[in-house]
Amino acid sequence: MLGRTANGLYWMFRYIERAENIARLIDAGLRMALTRSGSSDEDWDGVLQSAGVREDFDAVHATLTSADAIDFLLRDRANPSSVMSCIDSARNNARMVRTALTRETWEATNECWIELKQLLSRRAKPADMPEIIDVIKRRTGLIRGAFHGTMLRDDIYNFSRIGTFIERADNTARILDVKYYVLLPAIAKVGSSLDNKQWESILRSVSAHRSYSWVYDGDYSPANIADFLILNDRMPRSLAYSYDKIVTNLGYLAKLYGENHAAHDTASSTMMLLRSRAMEDIMEQGLHEFIEEFIVHNNRLGEEISEGYRFYR
Amino acid sequence: MMNAASNPRQPYEHYHEWYEGQDRARLIAKSKEAENLFRKTGITFAVYGHEDSSEKLIPFDIIPRIISGREWRKLAQGIEQRVIALNAFLDDIYHKQEIIKAGRIPRELIERNEAFLPQMIGFKPPGGVYTHIVGTDIVRTGEDQFYVLEDNARTPSGVSYMLENRETMMQMFPELFHINKVRPVEDYPKLLRQSLASLAPPGCSGKPRVAVLTPGIFNSAYYEHAFLADMMGVELVEGSDLRVVDGKVKMRTTRGYEAIDVLYRRVDDDFLDPLTFRPDSALGIPGIMDVYRAGNITIANAPGTGISDDKAIYSYMPEIVEFYTGRKAMLENVPTWRCSEEDSLKYVLEHLSELVVKEVHGSGGYGMLVGPTASKKECAAFAEKLKARPSNYIAQPTLSLSTVPIMVNKGIAPRHVDLRPYVLVSDKVQIIPGGLTRVALKEGSLVVNSSQGGGTKDTWVLED
C-alpha cells in the first residue's frame, strides 16, 4: 500500500470520528443550556475548549454567544474542526484513497458530504438543531456501517481503525482535560446540583449517560465517572478501549509487514499505564497531570505511526 | 432512430417497439434516478474556472445510441487501419523519417511542433508501441458514412463513462438487454491491464507491476483515474509517491520502496519529468525519462505521441495512412484548411460563417469558433485572432451530422452526437465494441464537449 494511501485512510477516519464527536459536544452543550436557568455562555466556553478550538474562535469573534459558538462548531470553514470542515476533509481524503475503499464505504461518505453540504449551507436555526445533530450522527453511522460490513480486514482496515481510535482517545482525553476540576475529590464532597449537571454533561458528551447507570448501578461519583471514561475497557469511548483497539491493529500491521516500529512500544506502554493502575491511584497522584501526560503520549503515537509507515516523504 | 420513411432504422427496431410501450412519466422519472445514481457514485468532473461549482455531473441521456453489427465491423476495420498507421508514423518520425524524406509531410511541421519530443529520437519504446490507448473521435453523417474528427492518441479520457453508462442502463432497464443482443464493454479494465502488462520493459523480471499516474484529486478527470485503477486492481499513484531509486521508478509504500514496471500516466508530457521537460512540474517524477531510456519502465502512452494527434498533422492523415499501410484510408478525414497556407487562410476568412475554426493545440472545445452559430461580432473578433496567428488554426466545414434521439420533458427530440470508441494496442489491436457517445444537449448545437454543456449516452453495438 502507498504511504500516501495509509495517510489518507488514517485522516479520513480521524475526520469522520471528529465530526461525530463535535456533534456530540454540541448536543451536550445544547442540553446544558436547556436545563439551566440564566446565561449558558460559560458552558459554550467549555465546549469550545473541549473541541480544542477556543483560540480559533477568539480569532474570529470578539464576544462569545451560544449562537456564534454553535455556528463556529457546526459549519464555519475557518474552523478546521467544524463538522463541515471535517466532512470536507474526510471526503477529500476518501477521494484520494478511493481505490482502497469499497464502493459502499465511498458512497456512504460521499452521500454524507452531499447531505450535510445541503443542510449546513446556511446558519442553523435553533429549532433545526435536533435534526441536524441527528443527520450527522446517522450519516457518520452509515459510513461506519458500510465500512464494517464490506471492508476486507487487511492493512487498509487497520490504518482506518487506528485513525478512528487515536482521534477518539484524543477527544475523550480533551473532555476530561477541560472538565477535570468537576471530578476532583475535594469538590466532589460538596456535591451540589450544579456538579451533578456537569457530570451528566460529561457523560452525555461521550454518549455514555445511559450506559453509565447500568455499569455503576446509578451511583454518580467523580471516581466512577473518571473510571468509566479512562479505565473501563468495555466502554467504547474510553481511553482503555481505544488503546486496546490501537494496539490490536498495530499488532496486525506488525505481523503483516514483519516489522515493529517505535509506535508499537509507545502504544503498548500507554496501554499498560491504563491497565495497571486503579482509579483511586490516578486520582491520588493527580488526575489533571495524568490526562495531560496521556494527551502528549497520544500525539506522539500519531507521529510515530506516520513516520514508521512512511505517510510522508 | 428513424429512417426517411419514418420507420425505425433496423438496429433500433427492438428498442423502438419497447419504447412505444413505455409510460413517458416513468421514463422521465428514470432520468432523474440516473442522475442521482451518478451523483451518489461521485462520477463527476471538474470544470476549470468555476470555483463555486468545482464538481459537475455530465448529463446522462437514457436513450441508447445503437449501432448495427455490420456498421460496426466496417468502422472497426477503419479504426484499426488508422491506429496501425499512427504507430508506424510515430516510429518513423522518431527514427528514419521516411515520410519526410518522401516529401509527404513538411519537415518543419514535425520538428517545429511543440508535441514533437527530440528526446524520443532513436528510442524504441517497449514492444514498439507508442499509442497503447487511443480514443478516435468519429461522426456519422449517413448510412455507412463516417468521418474521423480527431485521433486522441495521447491520453484519451471518458472511458469510465462508457463503463458507468452501461452499468447504469443495465441497472435501470434490465429488460432491454433481454430483447437486444448488446455486445459487452465491461471487459475493458481487464483488457487494459493485460495489454499494459504485456508491454513490460526489458528490465522487468517477474510479474509486471502496473500503476496509474494521476495529477491528483483536483484534476478534472480524477474520478476516471481512480475508477480505472480500482477496476484494474492496480495502485493509483501521484508524482509525489514516486522516485527513481537504483535505476527503477519506485513507489513509496508502507513497507518501503517498491518498483513499478508499467506506468499508465494521465499526466501530460510537459509535466512528466522536471529534469527533462518543464522544470516547475510538481506532478512528475524527476529522472523517469532516464529510467525509460534505460529500458526499466514502460510509459503509456509513450512520451511524444502527441505529435500524431496534433490538429496540424490531422489534415495529413489520409497521406499518412496510405504511406504506412499501402492502402487508401477506409475512414474519411473531415476536409481541413490549414490556415498557415495563404490560399487556405483567404478561403477561411471569406467563409468564416460556414466553418468551424479550431486551435491547432486546443482541446475540450475551448478557443474554437462555430461559424454557423456565431454572431457577426464574434466572427469579426475571431478573424482578427486568425490573422494575427494563422498557423495556430485549422478550419473545417460543418458536417451535416446525423442525430440520435434524446429524452426531453416533452418526449424525444433529435440531437447531434459523436462517438469515441476505445482502442488498446499491444501486439494486437483491440477495439472495444461500443464507446462514448457524446451528445450536444442544446437544440441544433454541434459542440458535444462536456466542458461546454454536452452529455453522454450508452452506446450499443449489436451482435448480428
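This passage walks through the two chains, their folds and the place where they touch.

The model is a predicted one, so to speak of a local feature a pLDDT of at least 70 is needed, side-chain atom pairs count only at pLDDT 80 or more, and totals for chains, interfaces and linings use all residues. Residues are numbered from 1 along each chain as its sequence is written, while chains are lettered from A and ligands numbered from 1 in the order in which they are written.

Chain A comes first. Its secondary structure amounts to 16 helices and 0 strands, where helices (H or I, at least four residues) and strands (E, at least two) are DSSP runs numbered from the N terminus. With a radius of gyration of 19 Å, close to the 20 Å that the globule rule gives for 313 residues, chain A is as compact as a globular protein of that length. (That radius is taken over C-alpha atoms, and the rule is 2.2 Å times the number of residues to the power 0.38.) Along the principal axes, the C-alpha atoms of chain A fill a box of roughly 55 × 50 × 35 Å. Some 48% of the 313 residues of chain A count as buried; a residue is buried if 20 or more other C-beta atoms, placed from the backbone, lie within 10 Å of its own, exposed if 12 or fewer, and partly exposed in between. Two residues are in contact if their C-beta atoms, placed from the backbone, lie within 7 Å. Among contacts in chain A between residues at least 6 apart in sequence, 71% join residues at least 24 apart.

Where the chains meet, 20 residues from chain A and 19 residues from chain B take part in the contact. On the chain A side, α1 (3–35), α5 (83–96) and α6 (103–119) each give two or more residues, and the largest share, 5 residues, comes from α6(A). By class, this side of chain A has 8 nonpolar, 4 polar and 8 charged residues (Ala, Val, Leu, Ile, Met, Phe, Trp, Tyr, Cys and Pro are nonpolar, Asp, Glu, Lys and Arg are charged, and the others, Gly among them, are polar).

Chain B is assigned domain 1 (10–332 + 400–461) and domain 2 (335–397), with bounds from an automatic or database domain assignment. The centres of the two domains, taken over C-alpha atoms, are 26 Å apart. Across the boundary, 11 residues of domain 1 are in contact with 9 residues of domain 2.

Now for some close-ups of chain B. Helix α2 (residues 24–41) has 18 residues that should span 26 Å at 1.5 Å a residue, and its end C-alpha atoms are 26 Å apart, which agrees; the expected span is 1.5 Å times one less than the number of residues. After α2(B) comes G42(B), with a positive phi near 80°.

I133(B) sits in strand β4 (residues 133–135) and counts as buried because it has 21 C-beta neighbours inside 10 Å. Beyond four places in sequence, the contacts of I133(B) include P156(B), A300(B) and Y422(B).

Strands pair if DSSP finds at least two bridges between them. Antiparallel strands β5 (residues 137–142) and β6 (residues 145–150) of chain B are joined by 5 bridges, and V139(B) has Y147(B) as its bridge partner. Their hairpin has 2 residues between the strands, and D144(B) takes a positive phi near 60°. Elsewhere in chain B, an open sheet of 4 strands is ordered β15-β18-β16-β17, with antiparallel pairing.
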